[in-house]
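Please look over the structure shown below together with its sequence, and then read the briefing that follows, which is grouped by topic.

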Amino acid sequence: MQNIFTALFVFLCTLSSLAQQVQKTQPQAWVNDIPITGQKILQDNGSYQYLLIDEQVNLKRETIYRHYAVKVLNADGIQSMSDISLTFDPSYQKLLMHDIKIIRDGKEIDKLQQSRIQTFQRETSMERSLYDGSLSAVVNLTDVRKNDIIEYAYSLVGLNPIHQGHFSTVFYQQHTVPVNRIYNRLLCHINQDIQYQLYEGATEPTVKRTDAMQEYLWDVEALDYLLYDNNVPAWYDPHRHVSISTFKDWKEVVNWIFR
């Protein structure tokens, strides 16, 4: 009997811990509110089209904000977009859900308050039953219809402490599907070194600096999607993208690894 109570206590503590890691709340004040500005649809695209991909990173607050809007074009799109699945690591991250809505005939339907967020252990290799500690938060959207716009936004708070303050990411300016607008923004302390490299014709950022912060901003249209050719090596990436890092060069990376 004692073992049963102990197991129940551990289970309830786990549920309480997960509840603290997934919250419904408003975005932080530093986030720019980016609207959907274009709805041109390429008819040969397929089952859905992204109207907006919005990613904003604040290194000082250790927060990554993401905001998407996607238009459903047919039944296959309904099946593909009816589940929103987000991955996070509860050992150092919190998942903040800001908004989930369906825009239908110009009217907004709030799905965040209606929906239940289910959390599952993420299996990284089903063949070998390997787990990496990450969790998947899944929201099932009911009553999705053709021509609906699904819009959702969330933040991941907390960067991996193993990197000891270093950060790297890639901002894509082109995808395998058309995107009407891509908005990428990086905020960091004024004294933090940021290195970036442009690939495949990616555009330069707009850079703003104040007494305390510096901002790197890309705001582009990406309707010219690019599909991979057959047998392309995994290391080759033909899409327009920007590689960003707080490391100055590879020598500094090596020194950091073998310090």
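Helices (H or I, at least four residues) and strands (E, at least two) are DSSP runs, numbered from the N terminus, and by this numbering Q164 falls in the loop between β9 and β10. The model is a predicted one.

**Backbone angles in two loops**

- Most residues other than glycine have a negative phi.
- Q164 has a positive phi, near 50°, in a residue other than glycine, and its place is the loop between β9 and β10.
- Because its relative accessible area is 52%, and exposed means over 50%, Q164 counts as exposed.
- N147 likewise is not a glycine and has a positive phi, of about 75°; this residue is found in the loop between β8 (130-140) and β9 (149-157).
- N147 has a relative accessibility of 44%, so it counts as partly exposed.

**Salt bridges**

- Side chains of opposite charge can pair when their charged atoms come close.
- The model holds 10 salt bridges, counted as a side-chain nitrogen of Lys or Arg within 4 Å of a carboxyl oxygen of Asp or Glu.
- One of them joins E55 to R66, with the closest N and O atoms 3.6 Å apart; the pair links distant parts of the chain, since E55 is in strand β2 (residues 48-58) and R66 in strand β3, 11 residues apart.
- E55 is buried because its relative accessibility is 12%, and R66 is buried because its relative accessibility is 18%.
- Another salt bridge brings together the side chains of E151 and K101, at 3.8 Å from N to O; because E151 lies in strand β9 and K101 in strand β5 (residues 94-104), this pair ties together parts that are 50 residues apart in sequence.
- E151 has a relative accessibility of 8% and therefore counts as buried, while K101, with a relative accessible area of 13%, is buried.
- E151 and K101 also belong to a network of salt bridges, in which they are linked with D99 and E108.
- A further salt bridge is formed by D219 and R181, whose closest N and O atoms are 2.7 Å apart; here too the pair links distant parts of the chain, with D219 in strand β14 (residues 213-222) and R181 in strand β11 (residues 179-189), 38 residues apart.
- In this pair, D219 counts as partly exposed because its relative accessibility is 42%, whereas R181 is buried, with a relative accessible area of 14%.

**The largest pocket**

- The largest pocket has a volume of about 760 Å³, and of the 30 residues that line this pocket, F167, S168, T169, I244 and S245 are the closest to its centre.
- Two or more residues of the lining come from each of the elements β3 (63-72), β4 (83-88), β10 (168-172), β12 (195-199), β15 (241-245) and α3.
- Among the contributing elements, β12 gives the most to the lining of the largest pocket, with four residues.
- By class, the lining of the largest pocket is made up of 12 nonpolar, 13 polar and five charged residues.

- V254, I257 and F258 form a nonpolar patch on the surface, and together they have about 330 Å² of accessible area.
- V254 is located in helix α3 (residues 250-257), and this residue counts as partly exposed because its relative accessibility is 43%.
- I257 is likewise placed in helix α3, and its relative accessibility of 48% is why this residue counts as partly exposed.
- I257 is 94 residues apart from H163 in sequence, while the distance between them in space is 9.6 Å, C-alpha to C-alpha.

- L52 belongs to strand β2, and because its relative accessibility is 0%, L52 counts as buried.
- The C-alpha atoms of L52 and V70 are separated by 7.0 Å, although these residues are 18 residues apart along the chain.

Note on methods: Residues numbered from 1 in each chain as written. Predicted model: local features only at pLDDT ≥ 70, side-chain atom pairs only at ≥ 80, totals over all residues. Heavy atoms only, no water. Patch = residues over 30% accessible without salt bridge, like charges linked within 9 Å, V, L, I, M, F, W, Y side chains within 5 Å. Areas by Shrake-Rupley, 256 points an atom, 1.4 Å probe, with all protein chains shown as cover. Buried < 20%, exposed > 50% of the residue type's maximum accessible area, 1.4 Å probe, protein only. 1 Å grid on protein atoms, 1.4 Å probe; cavity = no way out; pocket = protein on both sides within 12 Å on 5 of 7 lines; lining within 4 Å. Points joined across faces, edges and corners; volume = space filled by probe spheres on them. Nonpolar A, V, L, I, M, F, W, Y, C, P; charged D, E, K, R; others polar.
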